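Okay everyone, thanks for coming.

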Amino acid sequence: MAAASATDGVAATALRSVIQRIEHAAERCGRRSDQVRLVAVSKTKPVSLVKQVYDAGQRCFGENYVKELIEKAPQLPDDIEWHFIGNLQSNKVKPLLTGVPNLAMVETVDDEKIANQLDRVAGNIGRKPLKVFIQVNTSGEESKSGVEPDGCLELVKHVTSNCPNLEFCGLMTIGMPDYTSTPENFKTLARCRSEVCEALGISEDQCDLSMGMSGDFELAVEMGSTNVRVGSTIFGAREYPTKQSN
């Protein structure tokens with residue numbers, strides 16, 4: 001128990017450090033820190049460790065694997081706002097939405113098929129509209145999911161016009177592993193937002209930008225991110241064995 005407590009204490013301390021770094025990054029670019037949502041990425045981490053970060057004040061958590069999230073969610077407080085941030089297959093939509101009533105957001109809508117399936121299931125189970133981000137492949141890497149930047153607006157229009165059970169909330173991207181390249185990725189996402197907002201007739205503060213992870217979240221905040229996804233910096237790099245299947 002002593003060893004577990006020490007690990008848990010480290011995670012809580014790391015959470016506070018990340019929050020402070022977000023605050024400082026926001027200050028550097030003249031923004032308020034409350035304009036940035038921190039998503040603590042808890043994939044592969046045990047429920048006990050997630051609970052300690054929750055007890056330290058964190059309420060928004062991100063998971064990559066449907067099966068893992070379905071197993072974790074019932075073991076944790078129901079006021080957690082879960083974000084699904086992994087690649088989502090159509091046949092996993094119903095288990096995800098029915099298994100996680102407090103699912104707050106799917107950040108990885110990258111084509112009309114998955115949007116339609118999310119809309120259909122959300123309507124069938126009678127839940128409130130599901131918040132979604134459109135994932136954009138800003139790096140051009142074949143290994144990355146996401147709609148191409150020039151197809152972003154079309155997909156956003158599909159969601160806003162044809163998916164009444166989805167609430168379009170913004171755009172998401174995963175930067176390149178080489179963080180010297182991420183500024184261009186982030187600039188591309190910002191340009192996509194400008195195009196989307198102009199076409200929809202909404203202000204840019206009505207369209208979130210989910211960009212920035214453990215290695216580049218401060219840069220992302222300085223470049224306008226309103227949603228950062230931080231995992232290893234909070235929980236540590238160690239991966240705990242879990243049964244994973246998307």
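Let's start with helix H6, residues 152–162, where the buried residues are Cys152, Leu153, Leu155, Val156, His158 and Val159. Buried here means under 20% relative accessible area, exposed is over 50%, and partly exposed is in between, with a 1.4 Å probe and protein chains only. Helices are DSSP runs of H or I with at least four residues, strands are runs of E with at least two, and both are numbered from the N terminus.

Before I go on, this is a predicted model, where local features need pLDDT of at least 70, side-chain atom pairs count only at pLDDT 80 or more, and totals for chains, interfaces and linings use all residues. Residues are numbered from 1 along each chain as its sequence is written, and side-chain values use heavy atoms, with hydrogens and water left out.

So what covers the buried residues of H6? The cover includes strands S4 (103–109), S5 (130–135) and S6 (166–172), plus helices H5 (112–125) and H7 (182–200).

Now S5. Five of its six residues are buried, so S5 is largely enclosed by the rest of the structure. S5 pairs with S4 in the parallel sense over three bridges, and pairing needs at least two DSSP bridges between the strands. In that pair, Met105 stands opposite Lys131 in S5. On to S6: six bridges join it to S5, again running parallel, with Leu130 opposite Leu166 in S6.

In soluble globular proteins, nonpolar side chains tend to be buried together. Here the largest nonpolar core has 63 residues, and those with the most contacts inside it are Leu96, Leu103, Val106, Leu118 and Leu171. The largest share of this core, six residues, comes from H1. By nonpolar core I mean buried Ala, Val, Leu, Ile, Met, Phe, Trp, Tyr and Cys residues joined through side-chain atoms within 4.5 Å.

Take Leu171: leaving aside residues up to four places away in sequence, the residues it touches include Phe133, Ile134, Cys152, Val156 and Leu189. Contact means heavy atoms within 4.5 Å.

**Over to Arg21**

Last stop: Arg21, in helix H1 (residues 2–28). Not counting residues up to four places away in sequence, Arg21 touches Phe217, Glu218 and Thr233.
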